[in-house]
Amino acid sequence: MISPNDERRLGAVAAGVEADIDAAVGAARAAFDAGDGWPNWPADKRAAAMESLADALDRRSKQLAQAVSAQNGMPIAIAGRLEAVFPSVLLRYYAQLGAEQSDTERPGLLGGSTTITRTPVGVAAAIVPWNFPQVLSAFKYAPGLAAGCTFVIKPAPETVFDAGLFAEAVAESDIPPGVINVVPGGSRTGAYLVSHPGVDKVAFTGSTHVGRQIARTCGELLRPVTLELGGKSAAIILDDADLDLGVVGEKLFAATLLNNGQTCFIGTRILAPRSRYTEVVDTVTALAASLTVGDSLDPATQIGPLVSARQRDRVESAIAAATPRGVRLTTGGTRPPGRDTGWFVAPTVFADVDNDDVIAREEIFGPVLTIIGYDDDDDAVRIANANAYGLGGSVWTTDPDRGLAVARRVRSGTVGVNHYLPDPTAPFGGVKASGLGRELGPEGLAAYQEIKSIYRG
Ligand code: NAD
């Protein structure tokens with residue numbers, strides 16, 4: 001493991017092999033299938049165990065934030081607010097939701113009646129990426145545990161130290177052995193887990209390319225799967241938007257550049273009305289240029305390094321390919337001054353971009369924004385929707401009704417008006433190439449349940 005901040009060696013963790021996955025799936029299977037296993041615990045006892053895991057995570061919140069930030073370059077201020085907090089909030093939310101579940105009775109139209117009950121789907125394989133490793137694991141295990149599922153979690157090779165801390169917290173909590181198993185490893189380990197005969201459901205967050213491979217495997221096996229994939233969302237600035245950075249700067253930053261641009265749902269295509277085009281370009285450029293770039297563990301840092309040399313090279317190639325295509329670089333485009341060590345890229349803005357340009361079509365996963373002009377609201381919606389992805393997005397306006405009306409027309413799983421961050425209660429996920437299914441909210445719990453009808457004559 002190499003530090004993205006200064007390229008020093010941070011340490012190493014052995015990668016899991018097939019035998020480790022076999023052992024982990026075996027443990028999860030046993031914890032699920034036993035007569036007194038996890039799904040058969042009374043819901044309030046399961047809820048108490050989940051709360052004890054939340055407490056164990058809270059006791060490690062500082063260490064977890066630091067481990068994530070040191071490995072993937074996430075600014076520590078963001079890791080402290082999201083990675084260190086969201087998982088225990090989710091555990092407590094789903095503990096309560098799980099305890100409130102009840103059966104439904106339906107009188108039959110042809111006599112008799114039916115009890116409709118929800119049963120856990122079984123052993124779940126959770127495969128997560130490096131960009132928000134703790135949060136995205138919790139998106140899966142928090143609802144899954146509440147449903148009564150047991151888990152094998154495979155973190156990404158880039159973020160394994162925090163996964164180790166998480167496993168420690170599980171061992172310290174009242175979650176019984178076998179219910180949550182963590183096996184670090186790469187793509188081969190992940191692929192082996194996805195097709196393992198002991199697995200009943202797969203929950204994946206990562207690239208669209210790998211998501212398609214997993215979908216193919218699960219399709220063949222008829223295995224339920226949830227896929228949270230890439231994005232290239234639009235931030236639509238309406239012509240009445242407040243562009244005062246003192247008012248909207250922080251929210252615009254979170255909705256477009258969060259986590260060094262390594263966030264799947266951010267609006268990296270900024271759609272600017274032609275009537276205020278220059279003003280929007282100046283505002284977005286000023287925002288990007290004002291950000292403090294630095295070591296991810298420095299609390300003042302707003303943009304840290306990218307996760308790896310490979311990711312930095314990908315982002316630099318995308319920037320280099322865009323420049324000769326007539327787009328206008330308004331800030332960034334290079335490594336930040338004095339940051340030749342570590343995987344840094346300066347916040348970069350391209351104006352005069354056409355929605356068909358490669359830089360506007362493909363996910364960059366770095367601090368790179370593109371600005372695209374539009375004529376009217378219909379044109380903005382048309383451009384926002386003319387993309388293979390459909391994960392997030394935002395609408396910026398001083399008229400909330402108009403914002404809501406435009407947000408409704410964006411083909412995307414989630415959209416924000418004047419802000420955007422996922423909330424535990426709000427279903428999250430994508431349409432089109434951004435994935436299948438939803439996490440979070442009651443819908444996220446349903447993703448770990450089968451519906452069963454018990455007919456009584
Ligand atoms: P990736 O798809 O390469 O890897 C994600 C995870 O899948 C890792 O744990 C990896 O080891 C594992 N993996 C890789 N190949 C596999 C295979 N064949 N079978 C099973 N597992 C395999 O993605 P990445 O580059 O690590 O993450 C960045 C991508 O994730 C971006 O495209 C981003 O948009 C997406 N992402 C999406 C969301 C979302 O909620 N929609 C959230 C975060 C990241």
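In what order do three strands form an open sheet, and is the pairing parallel or antiparallel? The order is S1-S2-S16, and the pairing is antiparallel.

Good morning. The model before us is a predicted one, in which local features need pLDDT of at least 70 and side-chain atom pairs count only at pLDDT 80 or more, while totals for chains, interfaces and linings use all residues. Residues are numbered from 1 along each chain as its sequence is written, and side-chain values use heavy atoms, with hydrogens and water left out.

Helices (H or I, at least four residues) and strands (E, at least two) are DSSP runs, numbered from the N terminus. Two strands pair if DSSP finds at least two bridges between them. In general, strands of a sheet pair through backbone hydrogen bonds, either parallel or antiparallel.

I return to the open sheet, S1-S2-S16. Strand S1 (104–107) and strand S16 (449–456) stand at its edges, each with a single partner strand, so one side of each is left without a neighbour in the sheet. On average, neighbouring strands here are turned by 30° against each other, direction ignored; the axes are lines fitted to C-alpha atoms, for helices over the stretch in contact, and angles run from 0 to 180 degrees between N-to-C directions. S1 and strand S2 (residues 113–120) run antiparallel and are joined by four bridges. Within this pair, Glu 105 has Thr 115 in S2 as its bridge partner.

Next, strand S6, residues 201–205. Five of its five residues are buried, where buried means under 20% relative accessible area, exposed means over 50%, and partly exposed lies in between (1.4 Å probe, protein chains only). Lys 201, Ala 203 and Thr 205 lie on one side of S6, and Val 202 and Phe 204 on the other. S6 pairs in the parallel sense with strand S3 (residues 123–127) over four bridges, and Val 202 in S6 is the bridge partner of Ala 125. S6 also runs parallel to strand S7 (residues 225–228), again with four bridges. From S6 the chain crosses through helix H9 (residues 208–221) to S7, and this β-α-β crossover is right-handed: with the strands pointing away from the viewer, the path from the first strand over the helix to the second runs clockwise.

In the loop between H9 and S7 we find Leu 222. Its phi is near 50°, a positive value in a residue other than glycine. Is Leu 222 buried or exposed? At 76% relative accessibility, Leu 222 counts as exposed.

Finally, helix H12, residues 309–322. Its 14 residues should span 20 Å at 1.5 Å a residue, and its end C-alpha atoms are 20 Å apart, which agrees; the expected span is 1.5 Å times one less than the number of residues. Which residues of H12 are buried? They are Gln 311, Arg 312, Val 315, Ala 318, Ile 319 and Ala 322. Seen down the axis of H12, these fall within an arc of 125°, so they line one face of the helix; the arc is that of the directions from the helix axis to the C-beta atoms. The buried residues of H12 pack against strand S11 (348–351), helix H13 (358–361) and strand S12 (368–374), contact meaning heavy atoms within 4.5 Å.

Thank you for your attention.
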